[in-house]
Amino acid sequence: MEISFGKYCIRSFKEKDADSIVKHANNREVSKYMRDSFPYPYIKENSVQWIDFVKKNYSTLFFALADETELIGGIGAVPQTDVHRFSAEVGFWLGQSHWNKRIITIALPVFCNYLFTKFDFNRLTANVFEGNEASKKVLEKNGFVLEGTQRKNVFKENKFVDNYIYALLKEDFKI
């Protein structure tokens, strides 16, 4: 799968992405707002395992963000289950050298359109840890609404922080 937007694209992971993942993910500034399953330090073994995991389990829901030369980040969705089966949680990350270029702001609606048209999702959610103002802005610019705050719900970097829950309904999505 590959969807282009300008000089960037959302595409399937490739084996050759392993080194680029390490290059961009092995950064405390990137990892500090990610779940602990996104390791720091991020080593090549982690990236090889991630690519293999995605190819075997989530090849239609987890993707690389890339420029003309290499992977620069990632974007994906985790489908929910049971009574939440028409919802998916969206997440994204971007290498620090690519911050403040509106890449995620432009990629997110492209990805949401993919999710709403290729799957039966009615609702997309996103969790943002306290302090991650950039991700809040990206979500709000793309129509996600802050639905709630889970106070001191996340333990990250040896402290409890709030978790902000954002959501976008299919009926409110505009591309």
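## The loop between α2 and α3

P41 is placed in the loop between α2 (28-31) and α3 (44-57); helices are DSSP runs of H or I with at least four residues, strands are runs of E with at least two, and both are numbered from the N terminus. The peptide bond that joins Y40 to P41 is cis, with omega near 0°. Most peptide bonds are trans, and most residues other than glycine have a negative phi.

## Basis of the model

The model is predicted: local features need pLDDT of at least 70 and side-chain atom pairs count only at pLDDT 80 or more, while totals for chains, interfaces and linings use all residues. Residues are numbered from 1 along each chain as its sequence is written, and side-chain values use heavy atoms, with hydrogens and water left out.

## Sheet

Eight strands form an open sheet of mixed pairing, in the order β1-β2-β3-β4-β5-β6-β8-β7; two strands pair if DSSP finds at least two bridges between them. β1 (2-5) and β7 (145-156) each have a single partner strand and stand at the edges, so one side of each lacks a neighbour in the sheet. From one strand to the next the twist averages 25°. Helix α4 (residues 103-118) packs on the sheet and touches β1, β2 (8-11), β3, β4, β5, β6 and β8, where contact means heavy atoms within 4.5 Å. The direction of α4 makes about 155° with that of β5; axes are lines fitted to C-alpha atoms, for helices over the stretch in contact, and angles run from 0 to 180 degrees between N-to-C directions.

Strand β4 (residues 71-79) has seven of its nine residues buried (under 20% relative accessible area; exposed is over 50% and partly exposed in between, with a 1.4 Å probe and protein chains only). β4 runs antiparallel to strand β3 (residues 62-66), joined by five bridges, and the two form a hairpin with four residues between them. F63 has I75 of β4 as its bridge partner. With strand β5 (residues 87-94), β4 pairs in the antiparallel sense over seven bridges; G74 stands opposite W93 in β5. Seven bridges also join strand β6 (residues 123-129) to strand β8 (residues 159-169), again antiparallel, and V128 has Y164 of β8 as its bridge partner.

## Core and rings

Leaving out residues up to four places away in sequence, L124 touches partners including A88, C112, F144 and Y166.

K136 lies over the face of Y164, at 3.8 Å from the ring centre; the criterion is NZ of Lys or CZ of Arg within 6 Å of the ring centre and within 35 degrees of the ring normal. F13, W50, F53, Y58 and F62 are linked into a cluster by ring pairs.

## Other loops

E157 and N158 lie in the loop between β7 and β8. Phi is positive at about 55° in E157 and near 65° in N158, neither being a glycine. E157 is partly exposed, at 36% relative accessible area, and N158 is exposed at 72%.

T81 lies in the loop between β4 and β5 and is exposed, with a relative accessible area of 58%.

How values were computed:
Rings of Phe, Tyr and Trp (its six-membered ring) pair if their centres lie within 6.5 Å; planes under 30 degrees apart count as stacked, over 60 as edge-to-face and the rest as tilted.
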